[in-house]
Amino acid sequence: MSKFKIGQSGNPGGRPKGALNKATLATQALLDGEAEALTRKAVELAKDGNPVALRLCLERLLPPRKDRPITFALPPLEGAQDLPQALKAVIEAVAQGEITPGEGHTLTAMLDAYRKGLETTDLEIRVTALEKEWDRGKS
């Protein structure tokens, strides 16, 4: 027989939020008070041409962008009938190199969300109409 009960944690309180592991605490203790000297050394190495130090310094000064605004002519969307043209425009823009495949994927996901929103709205209208018709038939 096991000393643990199935489905019950041995530590129900769990690890406290914000608690650091021992390795992190040890590293912080070693580096405590050395941040300025280490930063100065990294800058010196970067100035001397060390590519790793140079990349580290540049990443701190100018972090990589996650997203960028794109200039892209998407046809106007008035309803579901416009989605095929919009998808075609996205695919053509990716094929011609105007936008990246990742940006194209993001745009198609947005178009799909638009389609789902249209479907939801249409279903709501239909269900409401059916409920009204049902209520009139009961009276």
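Guide: Ala53 is a place to begin, and it lies in helix 3. The model shown is a predicted one.

Visitor: Why is Ala53 called buried?

Guide: The relative accessible area of Ala53 is 8%. Buried means under 20%, so Ala53 with its 8% counts as buried.

Visitor: Which residues does Ala53 touch, not counting residues up to four places away in sequence?

Guide: Ala53 touches Ala42, Leu45 and Ala46. As for Val43, its C-alpha atom is separated from that of Ala53 by 7.1 Å, and the two residues are 10 apart along the chain.

Visitor: Which residues of helix 2 and helix 3 meet?

Guide: From helix 2 there are Ala42, Val43, Leu45 and Ala46, and they meet Ala53, Leu54 and Cys57 of helix 3. By class, the residues of this contact divide into 7 nonpolar, no polar and no charged.

Visitor: How do you know that helix 4 and helix 5 are roughly antiparallel to each other?

Guide: Helix 4 spans residues 83-95, and its axis comes within 9 Å of the axis of helix 5, with a crossing angle of roughly 175°. Angles over 145 degrees count as roughly antiparallel, and helix 4 and helix 5 are therefore placed in that class.

Visitor: What does the contact of helix 4 with helix 5 divide into?

Guide: The residues in question are Leu83, Ala86, Leu87, Val90 and Val94 in helix 4, which meet Pro101, Gly104, Leu107, Thr108, Leu111, Tyr114 and Arg115 in helix 5. They divide into 9 nonpolar, 2 polar and 1 charged.

Visitor: How many salt bridges does the structure hold?

Guide: The structure holds 7 salt bridges. In general, side chains of opposite charge can pair when their charged atoms come close.

Visitor: What makes the pair Asp112 and Arg115 a salt bridge?

Guide: The closest N and O atoms of Asp112 and Arg115 are 2.6 Å apart. The cut-off is within 4 Å, so the pair Asp112 and Arg115 qualifies as a salt bridge. Both residues lie in helix 5 (residues 101-138), 3 residues apart, about one turn of the helix.

Visitor: How do you know that Lys116 and Asp112 meet in a salt bridge?

Guide: For Lys116 and Asp112 the N to O value is 3.6 Å. With a limit of 4 Å, this pair also counts as a salt bridge. Lys116 and Asp112 are 4 residues apart in helix 5, about one turn of the helix.

Visitor: Where does Glu119 come in?

Guide: The side chains of Glu119 and Arg115 meet in a salt bridge, at 2.5 Å from N to O. These two residues also lie in helix 5, 4 residues apart. Asp112, Arg115, Lys116 and Glu119 are thus linked in a network of salt bridges.

Visitor: Why is Glu103 called buried?

Guide: Glu103 is in helix 5. Its relative accessible area is 15%, and the limit for buried is under 20%, so Glu103 is classed as buried. Leaving aside its neighbours within four places in sequence, Glu103 is in contact with Arg68 and Ile70.

Visitor: Why does Ala109 count as partly exposed?

Guide: Ala109, a residue of helix 5, has 41% relative accessibility. Exposed would need over 50% and buried under 20%, so Ala109 counts as partly exposed. The C-alpha atoms of Ala109 and Lys3 are separated by 50 Å, and these residues are 106 apart along the chain.

Methods: Residues numbered from 1 in each chain as written. Predicted model: local features only at pLDDT ≥ 70, side-chain atom pairs only at ≥ 80, totals over all residues. Heavy atoms only, no water. Contact = heavy atoms within 4.5 Å. Nonpolar A, V, L, I, M, F, W, Y, C, P; charged D, E, K, R; others polar. Buried < 20%, exposed > 50% of the residue type's maximum accessible area, 1.4 Å probe, protein only. Axes fitted to C-alpha atoms, helices over the stretch in contact; angles between N-to-C directions. Parallel < 35°, antiparallel > 145°, perpendicular 65-115°, else oblique.
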